[in-house]
Each structure stands twice: as C-alpha cells, then as structure tokens.
Amino acid sequence: MNNIILCGFMGCGKTTVGKVLARMLAMEYIDLDTEIQQDAGLTIPDIFAQYGEAHFRDLEHVAVKGLAKRISCVVSTGGGAMTFERNTTAISPHDMTVFLDASFETCYERIRESDRPLIHNNTPQQLAELFERRRVIYRAACAFTVDGDPPAEEVSREIIRLREHALTHK
Ligand code: S3P
C-alpha cells in the first residue's frame, strides 16, 4: 500500500488525523485543499466566489490526479473530492482509502463558524441531508471506514492497525 487517502465530510477530522498519522508513520503529509489554494493563488472561498464551484471541482480533479506521482504520503482530501467518480477512479488501487466516519453533530460543531462556502450556501438542514447522501458515497468509495469521533491519536492508531493487517494479509 502506498499513499493513505483520508476522506469524509467537512469537519470529520481529515486534517487533524492526517497530521498525527503522518507523524506516527514518518510519512509526508499533504493537504489537497492547501495545494489547490497554493496553485491557484486564491483561497477556496475566493475560488468559489470568483469562478464558481464547478471550476473548484476541476482544480480539485487536477490535484487528485497529481497524487499518482506521489508516494508514501498521508493525504487529506476535501469533503467533496471522493464523491466524484472521476476522482475515485484516479486514485491508485495501491493507495489506502479511508473514510473517517464522524457523526454529523461532531462535524457540524467544528464547521459551523468556518468560512467554507458550503456552510454559507446551505442551511443546517440541507447540510445534514448532504451529510447523509455523501456518507453512502464515502463508504462505497473507500476501502476502509473508521469511526471518526474518537480523538485523532486513537483514530490514527486504528488506521495503522488496519494498514498493518492489510499489508500482512496481502
Ligand atoms: C468541500 C470541502 C472543503 C473544501 C471545499 C468543498 C466539500 O474541504 O474542499 O470547501 O464539498 O465538502 P474540507 O472537507 O477540508 O472542509
């Protein structure tokens, strides 16, 4: 298994877990949204505001395709990335895809005050519906699902356990 790709809803802990996991495994950490912002020279809210969501999704797709050139990285994806088939099919079958399955309450508490465009463009009720729709998609798209509610160290240890198990039972 090569890269570890963390997926899940906004606020599920992809960034926090990603950093802890990368440190534990001495692997490089990549935040895909940070790369998109650096390449565009704009923040995500600005990309959405100036060019629209469809353009952001195209930039996101380019960033996902770029992962093919990376090895031994822990990658945090944006919450929408793995809901698009063109992105899931661009991920190498040698990478370990992990869905951080945190509850909507946990996610919402972390994101409600943020400047994420989807928070501004949707009511809490709409976000809860999006969460449920996406949860089904993440589960299908990722090879592994872990409980995202425990502290990041615990979630990271569980991912390491699953990875070692998969590596020894190849
Ligand atoms: C998005 C999630 C965000 C970011 C963008 C769109 C989404 O990333 O990619 O605002 O569609 O869920 P986080 O999941 O890191 O907040």
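## Helix α6 and its cover

In helix α6, the residues F104, T106, C107, Y108 and I111 are buried, where buried means under 20% relative accessible area, exposed over 50% and partly exposed in between, with a 1.4 Å probe and protein chains only. Helices here are DSSP runs of H or I with at least four residues, strands are runs of E with at least two, and both are numbered from the N terminus. The cover over the buried residues of α6 includes α7 and α8, contact being taken as heavy atoms within 4.5 Å.

This is a predicted model, in which local features need pLDDT of at least 70 and side-chain atom pairs count only at pLDDT 80 or more, while totals for chains, interfaces and linings use all residues. Residues are numbered from 1 along each chain as its sequence is written, and side-chain values use heavy atoms, with hydrogens and water left out.

## The sheet

Five strands make up an open sheet with the order β2-β3-β1-β4-β5, and the pairing is parallel; two strands count as paired if DSSP finds at least two bridges between them. Its edge strands are β2 and β5 (144-147), each of which pairs on one side only. Between neighbouring strands the average turn is 25°, direction ignored, with axes fitted as lines to C-alpha atoms, for helices over the stretch in contact, and angles running from 0 to 180 degrees between N-to-C directions. Helix α9 (residues 152-168) packs on this sheet, where it touches β1, β4 and β5, and its direction makes about 150° with that of β5.

Strand β3 (residues 73-76) sends C73 and V75 one way and V74 and S76 the other way, and all are buried. Strand β1 (residues 4-7) pairs with β3 in the parallel sense over three bridges, and the partner of L6 in β3 is S76. Strand β2 (residues 28-31) also runs parallel to β3, to which four bridges join it, and here E28 has C73 as its bridge partner.

## Pocket and cavity

The largest pocket has a volume of about 560 Å³, and of the 30 residues that line it, M10, D33, I44, G78 and R116 lie nearest its centre. The elements giving two or more residues to this lining are α1 (14-25), α2 (32-40), α3 (44-51), α4 (53-66), α6 (104-111) and α7 (117-121). On a 1 Å grid over the protein atoms alone, a pocket is an open set of points with protein on both sides within 12 Å along at least five of seven lines, whereas a cavity is a set where a 1.4 Å probe fits but cannot get out; lining residues have an atom within 4 Å of a point. Grid points are joined across faces, edges and corners, and a volume is the space filled by probe spheres set on the points.

One cavity of 30 Å³ or more is counted, and the largest cavity holds about 40 Å³ of space. Its lining consists of F9, C12, F99, L100, D101, A102, F131, R135 and Y138, with β4 (96-101) and α8 (124-141) as the elements that give two or more residues.

## An exposed loop residue

A68 is found in the loop between α4 and β3, and A68 is exposed, with a relative accessible area of 64%. From A68 to E158 the separation is 90 residues in sequence and 25 Å in space, C-alpha to C-alpha.
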